[in-house]
Amino acid sequence: MPEISEVLTPLQIQILLHYLEAEPSKRTVTDAAKCLGTTKWAVTRAMDTMEKLDIVERLENRKTVLTVTGKKLAEKYAEQKKVLEQYMQYQDIPPAEVQDNVLRALAAGFSDSFMERLAEQEGRMRLKELFAGRQDFHGGEICNYLKDGSYYFPFVIYREHIKNYNNISMGNKGFEHPCELIVKDHEGMIYLTVKTVSAESMSSGRKMEGRINKMQYLYDGEFWNAGVDGRYVFFPVTALHFMSMGKGRDTLLHGSVCLRMQCSVGDMHMPESMAVFTVFIH
């Protein structure tokens, strides 16, 4: 049997949202029809189905109320509607078309996982708009505009100095990509997943394997030990210094921090090296 959200029409979704937001005295068929720009007959017919689905209940005084199920569904639609509206606006869809497209999208019944990914993408677009033109801000400011949850961003770890015409650090291969930003109560941590890397010894040609076993990050002029949790190393996003590059949709938020890393190969510990961790929000 399909979910309730999979059988509702755009008009029924509009009615749900109307009853969620309207004053109690305005929760009537007449007011709903007037507010939604349709006929009382169309609203009544839509309500008949909604009542059978147990998402609305008609009272004797011509008023209508949302059931517990109906209220939860309406709140879910309201949250998704906000995300869709923002996302479509960032895509330069004309305002006159946004509402119709939003209702069609809601009626399509996107999965929760799809809506979560869309909300993350909308969040990225909002950040680029908020910080466009800024040249010096830290990652903590970004977290002020993010909801609790996980966000994934591409990153590159650069050498401190170019070597053999290459400025990509070997440490770039020492972590899985992308990195994860975990936000809670507007505070964030960057998590990197350590992985084993292999390379041939330049002296013996023998295959060697190693893992990064120590990392420090530069914060406020001093190096601090990154946290360790199993395969993860992490540090506060406030250590990242950001700048905005480009314009409009092509805006890129570029954040970086100096790292010190040490790699272990068997019983050997490679010399500590300096690198620059750079994350991109685009």
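These legends walk through a few close-up views of a predicted model.

**View 1. T64 and its neighbours.** T64 lies in strand 2, which covers residues 64-66. With a relative accessibility of 2%, T64 counts as buried. Leaving out residues up to four places away in sequence, T64 touches Y19, R27, M47, V56, E57 and R58.

**View 2. Strand 7 with strands 4 and 8.** Here strand 7 (residues 179-184) pairs with strand 4 (residues 149-153) in the antiparallel sense, over five bridges. To find your way around, look for Y152, which stands opposite E180 in strand 7. Strand 7 also pairs with strand 8 (residues 187-193), again antiparallel and over five bridges; V183 stands opposite G188 in strand 8. Strands 7 and 8 form a hairpin with two residues between them, and D185 in the turn has a positive phi of about 55 degrees.

**View 3. The largest nonpolar core, and a second one.** The largest core has 35 residues, and the ones touching the most other members are I142, F175, L192, M215, F235, L240 and F277. Zoom in on I142: beyond residues up to four places away in sequence, I142 touches L127, F131, F137, F242, L253 and I281. A second, separate core has 29 residues, including L8, I55, V56 and A74.

**View 4. Helix 6 from end to end.** Helix 6 takes in residues 112-131, 20 residues in total, and reaches 28 Å from its first C-alpha to its last, close to the 28 Å expected at 1.5 Å a residue. Which residues of helix 6 are buried? They are M115, L118, E120, E122, G123, R124, M125, L127, K128 and F131.

**View 5. Aromatic pairs.** A search of the whole structure turns up nine aromatic pairs. One of them is F131 with Y145: the ring centres are 5.8 Å apart and the planes sit at 85 degrees, so this pair is edge-to-face. F131 is in helix 6 and Y145 is in the loop between helix 7 (139-143) and strand 4, so to speak distant parts of the chain, 14 residues apart. At 2% relative accessibility F131 counts as buried, whereas Y145, at 39%, counts as partly exposed. Y191 and F234 form a stacked pair, 4.9 Å centre to centre with 25 degrees between the planes. Y191 lies in strand 8 and F234 in strand 13 (residues 232-236), so this pair ties together parts 43 residues apart in sequence.

**View 6. A ring cluster and a charge over a ring.** Ring pairs link F131, F137, Y145 and F242 into a cluster. In another spot, the charged end of R260 sits over the ring of F223, 3.9 Å from its centre.

Conventions. Residues are numbered from 1 along each chain as its sequence is written. This is a predicted model: local features need pLDDT of at least 70, side-chain atom pairs count only at pLDDT 80 or more; totals for chains, interfaces and linings use all residues. Side-chain values use heavy atoms; hydrogens and water are left out. Helices (H or I, at least four residues) and strands (E, at least two) are DSSP runs, numbered from the N terminus. Buried means under 20% relative accessible area, exposed over 50%, partly exposed in between (1.4 Å probe, protein chains only). Contact means heavy atoms within 4.5 Å. Two strands pair if DSSP finds at least two bridges between them. A nonpolar core is a set of buried Ala, Val, Leu, Ile, Met, Phe, Trp, Tyr and Cys residues joined through side-chain atoms within 4.5 Å. The expected span of a helix is 1.5 Å times one less than its number of residues. Rings of Phe, Tyr and Trp (its six-membered ring) pair if their centres lie within 6.5 Å; planes under 30 degrees apart count as stacked, over 60 as edge-to-face and the rest as tilted. A charge sits over a ring if NZ of Lys or CZ of Arg is within 6 Å of the ring centre and within 35 degrees of the ring normal.
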